[in-house]
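Let's walk through this one together, a question at a time. Have the sequence and the structure open as you read.

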Amino acid sequence: MIGGDIGAPGIWAAAGLVLAIAELFVPGVFLIFLAIAAGITAALAWALPDLPVAAQLGAFGLWSGVAVLIGRRWYRDYPVESTDPRLNDRAARMIGQIATITTPIRGGEGRARIGDGEWPARGPDAEAGARLRIAHVEGTTVLLEPLSD
């Protein structure tokens, strides 16, 4: 075999490296914690060369759990702050946008075009083509208010 036998420590180290690289491509999946567990298992396999495979797998499972728990606690205690807290909240991002009435609002209900979609709308009576501001979103219905000058 070219390069010789890498043995259990090498296999665990390679697995840890693969998991760490995978975390770069699939962020937020906790693969980095499994990579840490694989690294610890590699160190154990190197320090204890006669450690059975079952014990190595057990150590990997144990250290995976420990690493994930530590990681969860870390992210709870030190949350990642976003520069845009509404990034994944489509409804919150719509507040303040201008909607064009497509079906006249009568009795407080109608439809409005927002971007490339049409939404059920509630608000003051308005004719088709009128422009109103989105004040709030309740489920799939936008609540509209007159534009302020």
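**Helix and barrel**

Q: Which residues of α2 are buried?
A: Buried means under 20% relative accessible area, with exposed over 50% and partly exposed in between (1.4 Å probe, protein chains only). By that cut-off, the buried residues of α2 are L31, F33, A35, A37, A38, T41, A42 and A45.

Q: What is this model, and how are its residues and atoms treated?
A: Residues count from 1 along each chain as its sequence is written, and side-chain values use heavy atoms, leaving out hydrogens and water. It's a predicted model: local features need pLDDT of at least 70, side-chain atom pairs count only at pLDDT 80 or more, and totals for chains, interfaces and linings use all residues.

Q: In what order do the 5 strands close into a barrel?
A: Two strands pair if DSSP finds at least two bridges between them. Here the pairing is mixed: β1 and β2 are antiparallel over 4 bridges, while β3 and β5 run parallel with 2 bridges. The barrel order is β1-β2-β3-β5-β4.

Q: Which residue in β4 is the bridge partner of T100?
A: β1 (98–106) and β4 (131–138) run antiparallel, joined by 3 bridges. The partner of T100 is R131.
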